[in-house]
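User: Can we go through the salt bridges and some strand pairing in this one?
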Amino acid sequence: GMPLGPGQIYDSNMPMLAALVTEAGGDVSSAAIRVADTLDATVAALESALVGADLVLISGGVSKGAHDHVKPALKQLGAEQHFWQLALRPGHPTWFGMSSAQQPVPILGLPGNPASSYVVFHMLAAPAIRAMLGITAPPLETEATYRGATQHKRAGFIQVVRCTVSNEDGELVASPTGRHQRSHAVSSLTGANGLVLLSSTTVELADGDAVTVRLLDR
């Protein structure tokens with residue numbers, strides 16, 4: 001409800017991620033809404049978040065910008081990096097590691113763009129939460145027919161297309177959501193109930209193609 005100042009955006013990621021954690025079966029123990037773009041503030045926020053947590057989710061600050069302080073903050077706190085950057089679009093800057101505590105806590109750094117954050121949560125965080133709860137069933141995937149404009153991509157990475165899956169005369173159909181699928185496009189999450197996974201070797205998705213869809217919880 002507050003007006004935006006220069007260089008500010010409304011925080012949509014925190015309430016979205018809190019809801020997704022709950023949906024996946026987890027409990028949100030705390031949520032820092034706003035952390036200043038300084039190393040000291042980031043260190044303090046992460047140090048506090050690690051206390052008593054089974055999993056720490058971070059949104060933003062994991063890329064290469066001058067004010068992306070998450071990686072140096074985690075290094076200062078002694079966290080061990082397991083990987084940074086994935087062959088995934090959206091979601092390339094993702095970071096994962098473990099804290100240095102006696103009982104290490106997994107830390108997942110999601111990209112700051114909302115669609116990227118949403119996709120990586122479903123691809124990595126939701127399965128991790130379920131595994132920590134002892135749920136071993138794999139994510140539900142199905143085959144469907146793609147209906148929509150042709151999409152092009154480069155080889156070498158997995159492309160995740162947010163889509164609406166529906167039953168049309170006994171056939172499962174996956175249609176892309178939103179006018180575009182860019183990583184900042186909050187509109188691409190509206191009505192999404194599935195993720196079309198395009199393999200690293202795929203370079204084009206055309207109307208009528210058979211696709212694999214990961215169904216989302218609803």
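This is a predicted model: local features need pLDDT of at least 70, side-chain atom pairs count only at pLDDT 80 or more; totals for chains, interfaces and linings use all residues.
User: How many salt bridges?
Analyst: Two, taking a salt bridge as a side-chain nitrogen of Lys or Arg within 4 Å of a carboxyl oxygen of Asp or Glu.
User: Which residue does R214 meet, and at what N to O distance?
Analyst: R214 meets E141 at 3.2 Å. R214 lies in strand β12 and E141 in strand β6, 73 residues apart; strands here are DSSP E runs of at least two residues, numbered from the N terminus.
User: Is R214 buried or exposed?
Analyst: R214 is buried, at 13% relative accessibility, whereas E141 is partly exposed at 38%. Buried means under 20% relative accessible area, exposed over 50%, partly exposed in between (1.4 Å probe, protein chains only).
User: And what does R147 pair with?
Analyst: D207, with the closest N and O atoms 3.4 Å apart. Both sit in loops, 60 residues apart.
User: New topic: how do β8 and β9 pair?
Analyst: Antiparallel, over six bridges, where pairing requires at least two DSSP bridges between the strands. E168 has E171 as its bridge partner in β9. The hairpin has two residues between the strands, and D169 takes a positive phi near 55°.
User: Which way does β3 run against β8?
Analyst: Parallel, with two bridges; L88 stands opposite I158.

Conventions:
Residues are numbered from 1 along each chain as its sequence is written. Side-chain values use heavy atoms; hydrogens and water are left out. Helices (H or I, at least four residues) and strands (E, at least two) are DSSP runs, numbered from the N terminus.
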